[in-house]
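Work through the exercises below with the model open. Try each task before reading its solution.

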2 protein chains.
Amino acid sequence: MPSDRALKTPNATNNTPAPKELSLAVIKTACSNCNLRELCLPLGLTDDEMERLDELISVRRRVRRGDSLYRAGQPFEYIYAIRSGFFKTDVLLEDGRDQVTGFQMAGELLGMDGICAECHTCNAVALEDSEVCHIPFSRLEKLSREIQTLQHHFHQVMSREIVRDHGLMTLLGMMCVEERIAAFLLNLSQRFTARGFSPAEFNLRMTREEIGSYLGLKLETVSRAFSRFQEEKLINVQQKHIHILDINGLKQIMSRHSQRA
Amino acid sequence: MPSDRALKTPNATNNTPAPKELSLAVIKTACSNCNLRELCLPLGLTDDEMERLDELISVRRRVRRGDSLYRAGQPFEYIYAIRSGFFKTDVLLEDGRDQVTGFQMAGELLGMDGICAECHTCNAVALEDSEVCHIPFSRLEKLSREIQTLQHHFHQVMSREIVRDHGLMTLLGMMCVEERIAAFLLNLSQRFTARGFSPAEFNLRMTREEIGSYLGLKLETVSRAFSRFQEEKLINVQQKHIHILDINGLKQIMSRHSQRA
DNA sequence: ACGGTTGTTTGACCTGCGTCAACCCTTCAC
DNA sequence: GTGAAGGGTTGACGCAGGTCAAACAACCGT
């Protein structure tokens, strides 16, 4: 029973060369049988509470690779839960330079940047064909006034975002190229593992340029670092396919600095 | 009527050479007549709601210059509202390097990093003698389940923190020295203005090294940039005293890059 | 199968910021 | 008043990472 309020979904694919036929699928979803529920919001709810959450999140949408889920400046209405796929968020400066602020994968939430000004402050772009659940924010607030567990969990998710950002600041503020790349690979590995994928082998969904933007480096620098890691038998790279050969070696890179302190 | 729960305040000044006599003052505070209320939580509450918030925030504490309000690893219990004074937050890497993640002033909230793991993930250190209000987080959650306005405002504050962090990422990821320093000065100026102080003249509460850590630069680089700005008649610097002579000049620096794109 | 587009790698060179060091100023304890 | 300590400024120099360029590999639409 797709509810009609779902049809109010703003066309988040504007500003992109969208096909005539919009990729907007209104499909009944249920958190109660979503296999990502530990990663997303509904943690430790009773059956009754879960049912009420199901009602809230009654629509999901497909976002095609390259399309925007939302763009900076658009009015904020929903928090999005990634059901499958892969996204990047980035902010653009007036002069055209842009900074990737994060890569998000299945089970993670998107859109919390929009709460403060009731309008999004960054762009969320799908790096592969993806599916997201729409969570009307005002209704999420309402429900979290009624369900303490949900409220607390949402606060934790927002707080985790803040802590994650602090981690990226330390990376950008004081790590050298090799540390940044190692941290990046270890982070991806750990997140893939949490989703039941191989910790050692995965495909990058983003370009060298996007990695560089995220890590505060130029694409050539990223490429060179990959090559160097390969020479040192830490990883195997073939285009977007990464095989981590020596995960401890990568971890050691992160702590190398202490030796010369 | 200082409530006894307030006495459970953890000794946040440990790890620092604290005087025998703890600077813990239990004083009745009232949001209802605090002159910072637009900046802090209680925005647009009814008299009745305000009274209930007053009950919640029943204690404030003095933090001496150099002392920690909380440290990474300590259990999370309170959100803190800065009543007066100036703080920095920083995260330490195992090897001793540290990154300043923010400077906070009167009316701003501290401690939201602790929600996600129920334990703080950074240090908050007073850069001058300060006063903070303790806000027991579980009680804030309870109250915000009852007062929609409060709930929404708190979400906005957390979201603003995320957006602020994104701004720092773009600074760290793609700005050159002059842009970073200009952005830093403009940000301080704007925040002092919002508090009724001069936009053009203020005293820095932090050292060159702390500024550098925040901006991803070395202290010498910060010092040189200040000197260069002075030569260019953009500012006057005398130790910690800053006088902005040409605020538009500083703003132009921020947009200079577009000229060569 | 083919040509164009987009992404990646690698090399040669350059420069902005870091490093190291000397010196100065301010503050504070005694 | 004096000395020590902490913070700030300035100069000389080096290098990590950026820039520019060329060639190559993968992908996509037709």
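Predicted model: local features only at pLDDT ≥ 70, side-chain atom pairs only at ≥ 80, totals over all residues.

Residues are numbered from 1 along each chain as its sequence is written, and chains are lettered from A and ligands numbered from 1 in the order in which they are written.

**Exercise 1. Find the residues that surround DNA strand C, and name the closest.**

Step 1. Apply the cut-off: a residue is near a strand if its C-beta atom, placed from the backbone, lies within 6 Å of it. For DNA strand C, 19 residues qualify.

Step 2. Pick out the closest. They are A:Thr207, A:Ser223, A:Ser227, B:Cys176 and B:Thr221.

Step 3. Assign elements. Helices (H or I, at least four residues) and strands (E, at least two) are DSSP runs, numbered from the N terminus. Helix 5 (208–215) and helix 6 (219–231) of chain A, and helix 6 (219–231) of chain B, each supply at least two residues. Helix 6 of chain A has the largest share, six residues.

Step 4. Sort by class. Ala, Val, Leu, Ile, Met, Phe, Trp, Tyr, Cys and Pro count as nonpolar; Asp, Glu, Lys and Arg as charged; the others, Gly among them, as polar. The surface near DNA strand C has six nonpolar, six polar and seven charged residues.

**Exercise 2. Which residues come nearest to DNA strand D, and which helix gives the largest share of the surface?**

Step 1. Around DNA strand D there are 19 residues. A:Cys176, A:Thr221, B:Thr207, B:Ser223 and B:Ser227 come nearest.

Step 2. Helix 6 of chain A and helices 5 (208–215) and 6 of chain B each give at least two residues. The largest share, six residues, belongs to helix 6 of chain B.

Step 3. The classes are six nonpolar, six polar and seven charged.

**Exercise 3. Describe the contact between chain A and chain B.**

Step 1. Count residues in contact (C-beta atoms, placed from the backbone, within 7 Å). 40 residues of chain A meet 40 residues of chain B.

Step 2. On the chain A side, strand 4, helix 2 (137–146) and helix 3 (148–174) each supply at least two residues. Helix 3 of chain A gives the most, with 19 residues.

Step 3. The chain A side divides into 14 nonpolar, 17 polar and nine charged residues.

How values were computed: Contact = placed C-beta atoms within 7 Å.
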